[in-house]
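Open the model in your viewer and keep the selection tool at hand. We will go from stop to stop, selecting a few residues each time.

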Amino acid sequence: MDLIQSLKEQAKGLGKKIVLPEFEDSRVIEAAAAILKEGFCVPVLVGAEDKIQAAATAAGVSLEGAEIINPATFGELRAKKGMTPEKAHATMTGDALFFGAMLVRLGLADGMVAGSASPTANVLRAAIQVVGTQAGLKTVSSSMLVITDKKEYGDNGLLIFSDCGVIPNPTS
């Protein structure tokens, strides 16, 4: 079993929710459909349901089982927690990345995957400003997992590139 399949198997049954805020990118819609088919988490799409369903229809996939949260109606969702519609609208309707990060911060989702249609800087800005860093940490880091069929590279074709998106010249 390869690494990706192993991670998917570990995730199955945990019921985790992962926000996908960039539904305008057809790859995100296709990924959400694949996630649903494989069943290793629940994709949470951010936007108006009719637009998301239209994107799914255009891609020829079903999003049955996905959670869709519209920032325009988020105030209703959080009204019991003191959120007013005005506050929710002013804070979250302009940027799906910030809205997705807020879903993670509020515990309504377990993580967020973004960057297919947004620059890394925008994704990180939303995550840092809304979710923040762990207490005592002031530097964030990033890494990418690259899997290639060229088994002579890395560990049998598995490579991890660290800090190339956040800190181009890291110190020790």
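Start with E38. At 31% relative accessibility, E38 counts as partly exposed. Keep in mind that this is a predicted model.

**Stop 1: the partner of E38**

Which side chain meets E38 in a salt bridge? Select K8. The side chains of K8 and E38 are joined there, with 2.8 Å from N to O. Now colour the helices. K8 belongs to helix α1, while E38 belongs to helix α2, residues 26-38. The pair therefore ties together parts that are 30 residues apart in sequence.

Is K8 buried or exposed? K8 is buried, with a relative accessible area of 17%. The cut-off explains the label: buried means under 20%, so K8 falls into that class. E38, at 31%, is partly exposed.

**Stop 2: K12 and E9**

Select K12 and E9 next. Their side chains also meet in a salt bridge, 3.3 Å from N to O. How accessible is K12? K12 has 35% relative accessibility and counts as partly exposed. E9 is partly exposed too, at 35%.

**Stop 3: D25 and R27**

Move on to D25 and R27. These two form a salt bridge, and their closest N and O atoms are 2.7 Å apart. Check the cover on each residue. D25 is buried, with a relative accessible area of 12%. R27 is exposed, with a relative accessible area of 52%.

Why can such pairs form at all? Side chains of opposite charge can pair when their charged atoms come close. How many salt bridges does the model have? The count comes to four; the tour has visited K8 with E38, K12 with E9, and D25 with R27.

**Stop 4: a nonpolar patch**

Leave the charges and show the surface. Select L3, I4, L7, L145, I147 and I160. Together they form a nonpolar patch on the surface, with about 510 Å² of accessible area.

Which element gives the largest share of the patch? Colour α1, residues 3-11. The largest share, three residues, comes from α1. Now colour β5, residues 143-147. Both α1 and β5 supply at least two residues each.

**Last stop: I147**

Zoom in on I147, one of the patch residues. Its place is in strand β5. I147 is partly exposed, with a relative accessible area of 48%. A residue needs over 30% to join a patch, so I147 passes that cut-off.

Notes. Residues numbered from 1 in each chain as written. Predicted model: local features only at pLDDT ≥ 70, side-chain atom pairs only at ≥ 80, totals over all residues. Heavy atoms only, no water. Patch = residues over 30% accessible without salt bridge, like charges linked within 9 Å, V, L, I, M, F, W, Y side chains within 5 Å. Areas by Shrake-Rupley, 256 points an atom, 1.4 Å probe, with all protein chains shown as cover. Helix = DSSP H or I, 4+ residues; strand = E, 2+ residues; numbered from the N terminus. Buried < 20%, exposed > 50% of the residue type's maximum accessible area, 1.4 Å probe, protein only.
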